[in-house]
Amino acid sequence: MRAAEQAVIASGRATGRALMETAGRRVVETLLAHWPDLARAPNRAIVLCGPGNNGGDGFVIARLLARWHWDVELFFLGDPARLPPDAAANHALWSDLGAVKPLPMTAPPDLRGGTGVIIDALFGTGLTRGLGPDLAQDVLAPLDQADFAHWRRVAVDIPSGLCADSGRVLAAADGSATAFRADLTVTFHAAKRGHVLGAGPDLCGALAVADIGLGAGAGASDTPDPLRLVGPPAPGAILKPPGHKYDHGHALVFSGGQGQSGAARLAARAALRIGAGLVTLAAPPEAMAECAAQLTAIMLRDIPDAAACAELLADRRLNALCLGPGLGLDRARALVPVALAAPRALVLDADALTAFADDPPALFARLHPGVILTPHDGEFARLFPDLAAHLADRPTHGPAFGRVEAALAAAARAGCTLLLKGRDTIIADHTGRCAVHAATGDRAAPWLATAGAGDVLAGFITGLLARGLDPFQAAAAAAWLHVETARHFGPGLIAEDLPETLPAILRKLVE
């Protein structure tokens, strides 16, 4: 963002002060659009301004609200003489209209009774350290009291205390970690990582991205593939063109023993629904009867041991494999090395990951670029304990180490693609590509917290691999479709509903 703003200023298309004026105006416009009742009559506002350009935005917001006849009380943290030039100019303009009160508050406002808006313009995206106890206890804590529950809360750019790179709350020197909690966050030009990662969605509330005139493409990274948000897949990449079933791949899903085949059956049906031309379930002899009683379009193959697995994989038409859902630890230890030696496009999930928790390097030594690992946080910690420990540490400086950095490091170590499950699902590969699927805000899907949902995701990925997508593309598309099917179905969802809801989502993509 700094580079984008500097480029616009250097081109002469806008000054820094003009950009600041536009940013403040966009915040006011956005909050009034978000809460239309506030536009019908003058109201009250508490504006908290910090020592940088984020504080400068706050001075603009206060001035604009005051000109709309709002009762505005402004508090400032820092020394006016040390403000950046554009912020200093807006400090002076506000000073002609109203008082600048110091932070921490020597005389806190009485917010009890009535309503109003609290504007957080303390620190923006450049924050590199946690908020101290003076701000936490004397500024933010009083605003969280029940007496002030009816006030709306707006963060300018990002809630103060939140790392814009990782979505983690930065800790102060005393170990405390505090951040402003917003109902609405208005950011500029583009969303930042911290808005969608970690604690970001909980602290940001509704996220609005405001155009301040930087132009399309401004701030694009110089790296060949910057971090991106996962959006809807292109229909042409996932829908079947005309052809024979073998043109669309043959997925092979391995099952565990009797009474343990349910997870693999979920994955197999998901692979078939998402477009694999054929799907075979490989089960041990004792599980064949229960699988046959449940499956029709999915073929069955009796695979009792590693030798039978190797024999089956001599058929090169089997081009995508899934091992892990309900596989069992002993069976996983026996079959995973055989499957990795084939080699094929391959998803390792659940038991296929946990089976190697006592010796992750032994697994990593066998992996290849066609593999996708799909751990949840617990499985990730078992395979990458050092990275998980780093994530568990409380960060004191920004940019903080977060899930993106952990997933990229893990993918590089494993030499393959990794999908780290969560509300903020991270997809990273060994070449440094990385994407985030954020199931937050209007894409939240709490119904996915149900048994078997992860097995369906593994099946979706496997089916797309069978169709010929590369591992990174398959993981990203599957993550989006997985959440979209859950959102479409809604409350009451169980894992079996996900594959059956998929056709409606695919039709929407075509339309």
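I461 touches V347, I372, T374, L419, A474, A475 and A478, leaving aside residues up to four places away in sequence. The model described here is predicted. I461 and L481 are the residues with the most contacts inside the largest nonpolar core, which has 58 residues. Eight elements each supply at least two residues of this core: strand 9 (250–254), helix 9 (262–273), strand 10 (278–283), helix 10 (288–294), strand 12 (318–323), helix 18 (453–467), helix 19 (471–489) and helix 20 (497–510). Helix 19 gives the most, with eleven residues. There is also a second, separate core of 51 residues, and L373, F401, A414 and C434 are among its members. In soluble globular proteins, nonpolar side chains tend to be buried together.

**The chain as a whole**

The protein chain has 511 residues, of which 54% count as buried. Its secondary structure comes to 20 helices and 17 strands. Taken along the principal axes, the C-alpha atoms fill a box of roughly 85 × 50 × 50 Å. Among contacts between residues at least 6 apart in sequence, 74% join residues at least 24 apart. P235 belongs to helix 8 (residues 235–238). With a relative accessible area of 29%, P235 is partly exposed.

**Helices 19 and 20**

How do the axes of helix 19 and helix 20 cross? They come within 8 Å and cross at roughly 100°. The two helices are therefore roughly perpendicular to each other. On the side of helix 19, the contact is made by W480, L481, H482, E484, T485, A486, H488 and F489. Helix 20 contributes D497, L498, T501, L502, A504, I505, L506, K508 and L509. By class, this contact has ten nonpolar, four polar and three charged residues.

**Helix 5**

Which residues of helix 5 (residues 133–143) are buried? They are L135, A136, V139, L140 and L143. Seen down the helix axis, the buried residues of helix 5 fall within an arc of 125°, so they line one face of the helix. The elements that cover them include strand 1 (44–49), strand 4 (117–121) and strand 5 (152–156).

**Backbone details in loops**

| Residues | Feature | Value |
|---|---|---|
| A342 and P343 | cis peptide bond | omega about -25° |
| G398 and P399 | cis peptide bond | omega about 0° |
| H69 | positive phi, not a glycine | phi about 70° |
| D157 | positive phi, not a glycine | phi near 75° |

P343 is found in the loop between helix 12 (329–340) and strand 13 (345–348). P399 lies in the loop between helix 16 (385–392) and helix 17 (403–414).

Are H69 and D157 buried or exposed? H69, in the loop between helix 3 (53–67) and strand 2 (71–76), counts as exposed at 64% relative accessibility. D157 sits in the loop between strand 5 and strand 6 (184–188). Its relative accessible area is 11%, so D157 is buried.

Notes: Residues numbered from 1 in each chain as written. Predicted model: local features only at pLDDT ≥ 70, side-chain atom pairs only at ≥ 80, totals over all residues. Heavy atoms only, no water. Core = buried A, V, L, I, M, F, W, Y, C linked by side-chain atoms within 4.5 Å. Buried < 20%, exposed > 50% of the residue type's maximum accessible area, 1.4 Å probe, protein only. Helix = DSSP H or I, 4+ residues; strand = E, 2+ residues; numbered from the N terminus. Contact = heavy atoms within 4.5 Å. Arc of directions from axis to C-beta. Axes fitted to C-alpha atoms, helices over the stretch in contact; angles between N-to-C directions. Parallel < 35°, antiparallel > 145°, perpendicular 65-115°, else oblique. Nonpolar A, V, L, I, M, F, W, Y, C, P; charged D, E, K, R; others polar.
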